[in-house]
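Hello,

Here is the structure I promised to pass on to you. Please have a look at it first, and then read my notes on how the two chains meet.

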Amino acid sequence: MSNLIEIRWHGRGGQGAKTASLLLADAAFNTGKYIQGFPEYGPERMGAPITAYNRISDTPITIHSNIYEPDYVVVVDDTLLESVDVTAGLKEDGAIVINTTKNADYLKSVLKGYKGNIYTIDARKVSMEALGKYFPNTPMLAAIVKVSGIMSDEALLADMEGSFKHKFAKKPEVIAPNMKALELALKEVKKVN
Amino acid sequence: MSIRERLSGNEAAATAMKQINPDVVAAFPITPSTEIPQYFSTFVANGSVDTEFVAVESEHSAMSACIGSQAAGARTMTATSANGLSLMWEMIYIASSLRLPIVMSLVNRAVSGPLNIHNDHSDAMGVRDAGWVMLFSENNQEAYDNLLMAHRIAEHKDVQLPLMVCQDGFITSHSIENIELEEDDKVKAFVGKYQPEHYLLNKKEPIAIGPLDLQGYLFEHKAQQAEAMKNAKNVILEVSKDFEKTFGRKYGLFEEYKLDDAEIAIVCMNSTAGTTKFVVDELRNKGITAGLLKIRVYRPFPGEEVAKALSHVKAVAVLDKSDSLNAIGGALFSDVTSSMFVNGVNVPTVNYVYGIGGRDTTSSQIESVYSDLQEIAKSGKAENPYRYLGLRKEEN
């Protein structure tokens, strides 16, 4: 299973890290992949650190454990950087994507010398501009797709439009703003090092 | 044509129930199976099934309602986990002794206490001698497929026993994965109509169900239950064969994964079997002849077949996701080793109790078991056969 991509999400309860991992699984599924999307259920409460996972592969996935050596890590909330070892096991030829406005020196210091690629995105800015509210999960979904290259920008946008239409069938007014959030986020994600 | 989908294990179970469209579902919510009655009640509300949904006030009542409706002649289903099953315990035995083919989706979780909502198999192991047919499922696909086969097995005239389909709480119940679904009309045709021979609401044949049964005949009735459980083995194989013919997915009493030429083998159930397959593949790439025997049918236990399938290996490890707290080993270990003994198979065998209360079972843990088995195969000795896997070491 050399084509297997493993992703770990760090967020806080209520920010939608679990939802984002499920949306990513959905999007990858729609491009024909085998997928897993699952949260690590703990004593989950609003604001408590949570972890969610994705496996994406061209061949069936049989392994059923958490992910300890991810190819990519997504950090939805930068206040976790000092309390959670977010780069634990992260492959050095992989990358970490962080929702933050903090500078490169700070990030390098809290990431304990992680040698792989570091990407950032200001998901708050994107979300406020597109949605008028702070929902970081949609921008972070676009960011990890961009960084990992799991699918093309066009494939993501085409696919997510369908997903949003289904998901927000009763709130059609939020479909266009969410699409805008994806488009902005695809441009906003930046490589730090 | 199968339909390519992605669903969680709970969604897969609820989808199977929707397609089966039973006469009655009675259930009480409990983590991690809550979503099954939740999704199902939505199907009831929007008219995609015509099931009578009984929202009871406890699991004891859920199983009691299932017994009442199945005895009346209605095809009946339920879902539960852990302490929910514990609260059903009295009625679990009554369902099987009244020979009522109720079908349950059991989403496995640790039985308290202390309180834990995560996966192990202590709930299922607590009812392993209660006279229910028990099928275990590696993933969402198997949870779905086992439910599609469940009624045909349970309702068969040679069986007439209740049946539970197990899957791992959270690990598969809450994980979104690929699945092949079948079309509604094909499922309906495969499952067929429930036509009980005797039932309470048959006015042409007034009968009593569950009266007093003392020294005169209870023994004989229990022997009949035992006979029905023995019969279930062939019925499961027949139904599985028809399932394969209809939908193309093959099932037996257990799955042998690269076991033919294996020198060392693990026996386990549910999601850990998937992780073990991943490890077997990695070890095979390194030239280590590892294999897996995944139990699908735990009750009736296919003792003779399991013993035969393991007879050529040099060392076996049986993985129990429940500790029997009996000082000799877990339930699956007892079943496997006693089957080997009575069938004259003498292979060094060890037991690992693992994954208790949701402790994550990693590929490196499974690798360490195979590494232990290589040593045992070399020495021919299985010392300290009752072991733990993934237990925290004492920290200094």
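**Where chain A meets chain B**

The contact draws on 18 residues of chain B and 16 residues of chain A, where two residues are in contact if their C-beta atoms, placed from the backbone, lie within 7 Å. This is a predicted model, in which local features need pLDDT of at least 70 and side-chain atom pairs count only at pLDDT 80 or more, while totals for chains, interfaces and linings use all residues. Residues are numbered from 1 along each chain as its sequence is written, and chains are lettered from A and ligands numbered from 1 in the order in which they are written.

On the side of chain B that touches chain A, the elements giving two or more residues are β8 (176-181) and α9 (272-285) of chain B (helices, H or I, of at least four residues and strands, E, of at least two are DSSP runs, numbered from the N terminus). The largest share, 4 residues, comes from α9(B).

Strand β8(B) also pairs with β2 (residues 34-40) of chain A, in the antiparallel sense over 2 bridges; two strands pair if DSSP finds at least two bridges between them. Here Q36(A) has E177(B) as its bridge partner, and G37(A) stands opposite I176(B).

Best wishes
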